[in-house]
Amino acid sequence: MAQLAPQFAWLEITGFCNLACRHCYAGSSPQGTHGTMTPADWQRVIDELAALGVRDVQFIGGEPTLHPDLPHFIHHARGRGMRVEVFSNLTHISDAVWEALRLPEVRLAFSYYSDDAQDHDDVTENRGSHARTRANIEKARSFGIPMRGSVINVLQGQRADQSRRQLLDIGLRDVRTDKVRPFGRAASGAEPDISKLCGRCGRNKLAIAPDGSVWPCVFARWMTVGNVHEQSLPDIYHGVPMQGARAELAAAHPDKVPSASGDPSCLPDCNPSFDTCSPQLACAPDAACNPTEGDGHLREPIMSPHRTVRYSNPRIVGTDC
């Protein structure tokens with residue numbers, strides 16, 4: 001099979017976050033740091049990604065809006081012709097970040113847990129986070145910034161369906177549902193399981209960490225294939241460790257190996273989907289997509305000791321890829 005050129009990269013510019021969400025796959029928290037990558041390092045990475053033909057980048061964390069150089073990184077990526085998405089908890093957006101988010105071909109993604117403030121705040125472990133997120137959703141809409149919301153079902157009794165409906169009702173046209181990924185804090189101490197990945201990691205995509213480590217996917221953090229402090233991204237992407245990671249993933253997920261002419265993406269598990277709607281997308285009637293609904297399989301939602309269960313065995317719209 002012909003080698004796939006990279007198209008998409010996650011740039012995890014920080015491990016610092018003002019929240020400590022109980023399901024965070026990255027294990028981010030207020031104790032996290034921006035790592036060892038300097039602004040010059042990230043600029044070089046963006047340049048190398050552009051030279052490789054990467055067209056889309058997503059800035060993640062931690063909370064990427066808390067990195068002081070995020071506006072510069074957005075401008076730099078746009079200057080290299082890349083489309084940009086920033087995935088934020090929408091609780092702390094500075095004026096400089098708002099300005100960068102208003103650039104052409106830049107959009108905003110965010111996680112949302114409930115139309116009920118206590119539900120949302122129980123997930124984030126931060127009182128008032130729901131109110132701040134809602135206020136910034138409205139502010140982003142007032143600026144005309146393209147947005148997508150991701151409703152993640154974390155707690156038993158969580159009002160995920162009502163949350164999705166609320167986001168559609170206030171005017172969003174891209175609202176997705178997702179399951180808890182059993183990595184990071186959501187793994188509850190268990191060893192990472194390759195069978196829980198989508199199986200297409202490392203094929204036309206890669207992730208770069210705050211310490212320069214490169215992974216096939218943000219969820220495959222134990223599969224380090226190189227470090228940008230030591231090698232160029234082309235050498236890492238085409239290198240033996242990445243080839244080994246792809247082979248290991250193909251062996252674990254033989255049904256997910258794409259054909260040479262097929263679409264290697266697996267949305268929304270992997271990409272931010274700039275061009276296509278995913279099977280887990282809950283579209284408004286006037287949205288330009290064609291969603292498919294089906295039964296999904298999610299990890300049992302976490303039980304909060306401070307809540308009453310409103311229903312059991314919750315299910316989520318969508319299909320695993």
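Mentor: A charge is said to sit over a ring if NZ of Lys or CZ of Arg is within 6 Å of the ring centre and within 35 degrees of the ring normal. Arg246 meets this description, lying over the face of Tyr237 at 4.7 Å from the ring centre. Please note that the model is predicted: local features need pLDDT of at least 70 and side-chain atom pairs count only at pLDDT 80 or more, whereas totals for chains, interfaces and linings use all residues. Residues are numbered from 1 along each chain as its sequence is written, and side-chain values use heavy atoms, with hydrogens and water left out.

Let us turn to rings that meet other rings. Rings of Phe, Tyr and Trp (its six-membered ring) pair if their centres lie within 6.5 Å; planes under 30 degrees apart count as stacked, over 60 as edge-to-face and the rest as tilted. Across the whole structure, seven aromatic pairs are found. In one of them, Phe8 and Trp10 have ring centres 5.0 Å apart and planes at 80°, so this pair is edge-to-face. Phe8 is buried at 1% relative accessible area (buried means under 20%, exposed over 50% and partly exposed in between, with a 1.4 Å probe and protein chains only). Trp10 is also buried, at 3%.

Another pair is made by Trp98 and Phe143, which is edge-to-face because the planes stand at 65°, with the centres 5.5 Å apart. This pair links distant parts of the chain, since Trp98 belongs to helix H3 (residues 95–101) and Phe143 to helix H5 (residues 129–143), 45 residues apart. Helices (H or I, at least four residues) and strands (E, at least two) are DSSP runs, numbered from the N terminus. Trp98 is buried at 3%, while Phe143 is partly exposed at 28%. Elsewhere, one aromatic cluster is formed by Tyr25, Phe183, Phe219 and Trp222.

Trp10 leads us to Cys217. Contact means heavy atoms within 4.5 Å, and, leaving aside neighbours within four places in sequence, Cys217 is in contact with Trp10, Cys201 and Ala207. Cys217 sits in the loop between strand E8 (213–215) and strand E9 (226–227), and is buried at 2% relative accessibility. From C-alpha to C-alpha, Cys217 and Ala207 are 5.5 Å apart, although ten residues separate them in sequence.

The next subject is strand E4 (residues 106–112). Seven of its seven residues are buried, so the strand is largely enclosed by the rest of the structure. Both faces are covered: one side carries Val106, Leu108, Phe110 and Tyr112, and the other carries Arg107, Ala109 and Ser111. Two strands pair if DSSP finds at least two bridges between them. Strand E3 (residues 83–88) runs parallel to E4 over five bridges, with Phe110 of E4 as the bridge partner of Ser88. The chain passes from E3 through H3 to E4 in a right-handed β-α-β crossover (with the strands pointing away from the viewer, the path from the first strand over the helix to the second runs clockwise). E4 also pairs in the parallel sense with strand E5 (residues 147–152), over five bridges; here Met147 is the bridge partner of Leu108.

Now consider the nonpolar cores. Such a core is a set of buried Ala, Val, Leu, Ile, Met, Phe, Trp, Tyr and Cys residues joined through side-chain atoms within 4.5 Å. The largest has 70 residues, of which Leu11, Leu49, Val57, Phe59 and Ile208 touch the most other members. Beyond residues up to four places away in sequence, Phe59 touches a set including Leu11, Ile13, Ile46, Leu70, Phe73 and Val86. Another core, of ten residues, lies apart from the largest one and has Leu19, Cys21, Tyr113 and Val180 among them. In soluble globular proteins, nonpolar side chains tend to be buried together.

Finally, the backbone deserves attention. Most residues other than glycine have a negative phi, and most peptide bonds are trans. Asn204 is not a glycine, yet has a positive phi of about 70°; this residue lies in the loop between strand E6 (175–178) and strand E7 (205–208) and is buried at 0%. Glu125 likewise has a positive phi, of about 60°, but is partly exposed at 48%. A cis peptide bond, with omega about 25°, joins Gly61 and Gly62.
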